[in-house]
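Here is a short report on one protein chain. Look over the sequence and the model, then read on.

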Amino acid sequence: MMGLKKDDKVMVIGGKDKGKSGKIKQVLHARNRVVVEKLNLVKRHTKPGMDQTQGGIIEKESSIHRSNVMLFCEKCDKPVRYGVRTMEDNSKVRYCKKCEELFDK
Ligand SMILES: [Zn+2]
């Protein structure tokens with residue numbers, strides 16, 4: 001089964017950001033997690049540095065477990081299940097199980 005990839009549009013289906021969608025920034029294969037742009041933000045405190053930077057709070061994306069996101073189909077306008085199809089040139093593409101739209105073009 002092909003997994004999610006960087007730049008996929010996904011929707012969060014569980015947790016505090018449920019219902020929000022965004023683009024995958026990073027896939028953490030080993031941990032089965034993804035980092036989605038501007039989602040699941042956590043506040044991190046930074047200390048004032050030697051270089052005159054001010055201490056404060058910055059928001060940074062935290063990873064989300066793979067099972068809490070679903071691939072978002074623009075055509076269906078909702079999160080969907082996808083299948084994998086092998087093309088004539090043997091490349092594998094993911095498609096929306098609802099409308100058959102291909103995710104990998
Ligand atoms: Zn679709």
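What percentage of the 105 residues of the chain count as buried? The answer is 30%, where buried means under 20% relative accessible area, exposed means over 50%, and partly exposed lies in between (1.4 Å probe, protein chains only).

## Basis of the model

This is a predicted model, in which local features need pLDDT of at least 70, side-chain atom pairs count only at pLDDT 80 or more, and totals for chains, interfaces and linings use all residues. Residues are numbered from 1 along each chain as its sequence is written, and side-chain values use heavy atoms, with hydrogens and water left out.

## Overall build

The chain has 10 strands and 0 helices. Helices (H or I, at least four residues) and strands (E, at least two) are DSSP runs, numbered from the N terminus. The order of elements is β-β-β-β-β-β-β-β-β-β.

The C-alpha atoms fill a box of roughly 60 × 30 × 20 Å along the principal axes. The radius of gyration of the chain is 17 Å, whereas a compact globule of 105 residues would have one near 13 Å. That radius is taken over C-alpha atoms, and the globule rule is 2.2 Å times the number of residues to the power 0.38. Contact means heavy atoms within 4.5 Å. Among contacts with a separation of 6 or more, 36% join residues 24 or more positions apart.

## Nonpolar core

The largest nonpolar core has 11 residues: Leu4, Val10, Val12, Ile24, Val34, Val36, Leu39, Ile64, Val69, Leu71 and Tyr82. Such a core is a set of buried Ala, Val, Leu, Ile, Met, Phe, Trp, Tyr and Cys residues joined through side-chain atoms within 4.5 Å. Strands E1 (9-12), E3 (33-36) and E7 (69-73) each supply at least two residues of this core. In soluble globular proteins, nonpolar side chains tend to be buried together.

Take Leu39, one of the core residues. Beyond its neighbours within four places in sequence, Leu39 contacts Val12, Asp17, Lys20, Ser21, Gly22, Glu61, Ser62 and Ile64.

## Zinc site

Which residues are the protein donors of the zinc ion? They are Cys73, Cys76, Cys96 and Cys99, each through SG, at 2.2 to 2.3 Å from the ion. Donors are N, O and S atoms within 2.8 Å of the metal (3.2 Å for Na, K and Ca); water is not among the atoms, so sites may look incomplete. The 4 donor atoms subtend angles of 106 to 115 degrees, so the arrangement is tetrahedral.

The donor spacing in sequence is C-x2-C-x19-C-x2-C. Cys76 lies in the loop between E7 and strand E8 (78-79), and Cys96 lies in strand E10 (residues 92-96), so this pair ties together parts that are 20 residues apart in sequence. Cys96 is buried at 0% relative accessible area. Cys99 is partly exposed at 23%. A search of the whole structure finds 0 disulfides, a disulfide being a pair of cysteine sulfur atoms within 2.5 Å.

## Positive phi

Most residues other than glycine have a negative phi, and most peptide bonds are trans. Asp7 has a positive phi, near 80 degrees. Asp7 sits in the segment before E1 and is partly exposed, with a relative accessible area of 46%.

Lys38 also has a positive phi, near 60 degrees. Lys38 is in the loop between E3 and strand E4 (41-46). Its relative accessible area is 65%, so Lys38 is exposed.

Lys25 is in strand E2 (residues 21-28) and is partly exposed at 39%. Leaving aside neighbours within four places in sequence, Lys25 contacts Lys6, Val35, Val36, Glu37 and Glu61. Lys60 is in strand E5 (residues 56-61) and is partly exposed at 41%. Not counting residues up to four places away in sequence, Lys60 touches Asn40, Leu41, Val42 and Arg44. The C-alpha atoms of Lys60 and Asn40 are 8.2 Å apart, across 20 residues in sequence.

Is Lys98 buried or exposed? Lys98 is exposed, at 59% relative accessible area, in the segment after E10. Lys98 and Lys75 are 23 residues apart in sequence and 9.6 Å apart in space, C-alpha to C-alpha.

Definitions and conventions:
Tetrahedral: all angles 85-135°; square planar, octahedral: opposite > 155°, others 65-115°.
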